Amino acid sequence: IDSLISRYILYNLRLNGMDGFRIQIYNSSDKNAREDSGKARAEFMTAFPDIIAYPPVFERPSYYKIRVGDYRTRIEGTKYLLMVRKVFPDAILVPDVINFPDLNKK
């Protein structure tokens, strides 16, 4: 068991995070996607100051995506997804590599 736990820890350290979920609030490949993604992120940060909003991610061929939050389980992410969908109705929960949780935070 100790060996398996050590392997799991080393695997997650190589990822610079752990497997989890984030809420994707924006996804577009339009001409103005870069500017629109910044506007969507700013609007999110105003509406939900307690949830981390990450900078836009560019994925080929030409998609800009805005993802927010760090959720360890689908259930935890779904709880916040329901709140976010009130402002961003197209938001979805997606698997992603998330930052390690702060275990000292209450």
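Residues are numbered from 1 along each chain as its sequence is written, and side-chain values use heavy atoms, with hydrogens and water left out. Because the model is predicted, local features need pLDDT of at least 70 and side-chain atom pairs count only at pLDDT 80 or more, while totals for chains, interfaces and linings use all residues.

The structure holds 4 salt bridges. A salt bridge is a side-chain nitrogen of Lys or Arg within 4 Å of a carboxyl oxygen of Asp or Glu. One of them is formed by the side chains of Asp96 and Arg22, with an N to O distance of 3.4 Å. This pair links distant parts of the chain, since Asp96 lies in strand S4 and Arg22 in strand S1, 74 residues apart. Helices (H or I, at least four residues) and strands (E, at least two) are DSSP runs, numbered from the N terminus. Arg22 has a relative accessibility of 9% and therefore counts as buried. Buried means under 20% relative accessible area, exposed means over 50%, and partly exposed lies in between, with a 1.4 Å probe and protein chains only.

Asp96 also forms a salt bridge with Arg67, in which the closest N and O atoms are 3.2 Å apart. Here too the pair links distant parts of the chain: Arg67 is in strand S3 and Asp96 in strand S4, 29 residues apart. Arg67 is buried, because its relative accessible area is 16%. Salt bridges that share partners join Arg22, Arg67, Asp70 and Asp96 into one network.

Gly20, like Arg22, belongs to strand S1. With a relative accessibility of 7%, Gly20 counts as buried. Contact means heavy atoms within 4.5 Å. Leaving aside neighbours within four places in sequence, Gly20 is in contact with Tyr71, Arg72, Val94, Pro95, Asp96 and Ile98.

A further salt bridge joins the side chains of Lys65 and Glu59 (3.1 Å, N to O). Lys65 is located in strand S3, which covers residues 63–71. Its relative accessible area is 13%, so Lys65 is buried. Glu59, at 32% relative accessibility, counts as partly exposed. The two side chains also make a polar contact at 3.1 Å. A polar contact is a pair of N or O atoms within 3.5 Å; within protein, one must be able to donate a hydrogen and the other to accept it, and residues adjacent in sequence count only if both atoms are side-chain atoms. Not counting residues up to four places away in sequence, Lys65 touches Gln24, Tyr26, Asn27, Pro55, Pro56, Val57 and Glu59.

Ser28 is placed in strand S1 (residues 18–28). At 11% relative accessibility, Ser28 counts as buried. A polar atom of the Ser28 side chain lies 3.2 Å from the backbone nitrogen of Asp30. When residues up to four places away in sequence are not counted, Ser28 touches Ala33, Ser62, Tyr63 and Tyr64.

The structure holds 4 aromatic pairs. Rings of Phe, Tyr and Trp (its six-membered ring) pair if their centres lie within 6.5 Å; planes under 30 degrees apart count as stacked, over 60 as edge-to-face and the rest as tilted. In the pair of Phe44 and Phe88, the ring centres are 5.9 Å apart and the planes stand at 45 degrees, so the pair is tilted. The pair links distant parts of the chain: Phe44 is in helix H2 (residues 33–47), and Phe88 is in the loop between helix H3 (74–84) and strand S4 (92–98), 44 residues apart. Phe44 is buried, with a relative accessible area of 0%. Phe88 counts as buried at 9% relative accessibility. Phe44, Phe48 and Phe88 form one aromatic cluster.

On the surface, a nonpolar patch is formed by Ile1, Ile5, Tyr8, Ile9, Leu10, Leu13 and Phe100, which together have about 760 Å² of accessible area. Patches are made of residues with over 30% relative accessible area and no salt bridge; like charges are joined within 9 Å, and nonpolar side chains (Val, Leu, Ile, Met, Phe, Trp, Tyr) within 5 Å. Accessible areas come from the Shrake-Rupley method with a 1.4 Å probe, and for residues only the protein chains shown count as cover. Within this patch, Ile9 is found in helix H1 (residues 2–15). Ile9 counts as partly exposed, at 45% relative accessibility.
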